[in-house]
Amino acid sequence: MHDSESTRGPSDSSSQYSGSRDTQPRLSDQYRTRPDIPRRVHILGTGSVGKLVAHALRTLPNPPPVTLILHRRELYRRWQASDKTITVQTDGYEDKKDGFDVELAVPPRREYNQNVLEGAQSVHSLQSEAEAGSKPHEQVETRHESSSDLSVTDQAPFESSNSGPVAEEDPLTMSEPIHNLVLTVKAPSTISALSSIRHRLGPSSTICFLQNGMGILDEVNQKLFTDLATRPNYMQGIVTHGAHQVRGNDFGVVHAGHGTLALGLLPRELASPTPNEPSQPWAPSSRFLLRTLTRSPILCAAGFAPTELLQLQLEKLAVNAVINPLTALLDARNGSLLYNFALTRTMRLLLAEISLVIRSLPELRGLPNVAQRFSPERLETLCISVADRTKGNISSMLADVRAGRKTEVEYISGRGEEMGMKCVVNYAVMQMVVGKQQMVDRERQGEVPVLREGREKL
């Protein structure tokens, strides 16, 4: 690494062990800072985990520049009106950090799995035209004035009809490449969130996915990054920290439970893999982001091989597929699942299917101790342990259901159906969670069934 060598002084005692620098790389080269690698870390998703990661990065010695990517206009305005700090409460103590940069990237509106460009008519608007017999150009003019029009392009700024245009100097649209991205949005919002910054990501970029559930990467590759040559590098993480939002503070988070962060770099898929094809080295941005996250004592992060990371993901998936849906349906804290034999029977029915699905995965074929590690009995022990350790907590799925927000249940409990296995208990629980979320959402919006002429009651 000639660039990094130029920054070292002649008195550096390690230079006597360099030997032939051009032909024999040293082990310490992988830990050396390269001046040609951008250090800025972008964080997309300012929920509890996103704020915790952003705060932890700013507490590091020689911290990297951190940019928060906000997805709502009103949230951007509240940040500008605040003291521009993130507050983390730990054991009753508050710690504020500043120095964050902020960008606004509003996701484009999506209809039928496609982005709707700004100025284009909605499918629902076209249907209203047909029913009302209105003229097309009148519908377009009315639609631009509607406060519900949130569609934007990646290049054009937007205006809010209820609070006026955002100041011109605000960074509404950015074109600079993003090299290090930490993604903490909910799994159902991944495609929409990445669509707003897709033009800023390339093969030199690294995306660290800190999300619950599995199957997200396949969806991202199918809908966003279909070309392998221009696809970013991927890193996945498993978060066991407990964190929740501070009531009344959009930029505050309570670090309720100290946990860990397991990270793993995923190898880039080869366009035409062959048995003799050498493994590709990690991208410089991947190495930098992994080193940056693992040197944070607050996050307690560690790197794992892809195979081991997959098994850790499956363990967390099994726990989430039991605790999250049941607490969401029962509207109770995690500890309510303990010491209740009727609920224990339900847990065992869920885990019997989950264990069968995991042990049937081709990715785990040939690995030792898979049958024991993912047996129903051991998975039940993990669930009981997590429920007891977090007995006073409200699961994220329960919080989403109470708020009427779409949950991650399809990415947690729907994996078996994708493999062609009939997991009837998990499927029934998943559909009940979806139905309850929709029911709460309708109640919060005040929807009332109406009787239309010539139609049945809705």
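Colleague: How many salt bridges does a search of the whole structure find?

Modeller: The search finds 13. This is a predicted model.

Colleague: What makes lysine 96 and aspartate 83 a salt bridge?

Modeller: Their side chains meet at 3.2 Å, N to O. The cut-off is within 4 Å, so the pair qualifies. Lysine 96 sits in strand β4, and aspartate 83 in the loop between α3 and β3, 13 residues apart.

Colleague: Why is lysine 96 called partly exposed?

Modeller: Its relative accessible area is 48%. Buried means under 20% and exposed over 50%, so lysine 96 falls in between. Aspartate 83, at 47%, is partly exposed too.

Colleague: Which residue forms a salt bridge with aspartate 400?

Modeller: Lysine 186 does, with the closest N and O atoms 3.2 Å apart. Aspartate 400 lies in helix α13, lysine 186 in the loop between β10 and α6, and 214 residues separate them.

Colleague: Why does aspartate 400 count as buried?

Modeller: Its relative accessibility is 3%. Buried means under 20%, so aspartate 400 counts as buried. Lysine 186, at 30%, is partly exposed.

Colleague: How do you know that arginine 402 and aspartate 331 meet in a salt bridge?

Modeller: The N to O distance is 2.7 Å. The limit is 4 Å, so the pair counts. Arginine 402 lies in helix α13 and aspartate 331 in the loop between α9 and α10, so the pair ties together parts 71 residues apart in sequence.

Colleague: Which residues do salt bridges that share partners join into one network?

Modeller: Glu308, Glu315, Arg373 and Arg378.

Note on methods. Residues are numbered from 1 along each chain as its sequence is written. This is a predicted model: local features need pLDDT of at least 70, side-chain atom pairs count only at pLDDT 80 or more; totals for chains, interfaces and linings use all residues. Side-chain values use heavy atoms; hydrogens and water are left out. Helices (H or I, at least four residues) and strands (E, at least two) are DSSP runs, numbered from the N terminus. Buried means under 20% relative accessible area, exposed over 50%, partly exposed in between (1.4 Å probe, protein chains only).
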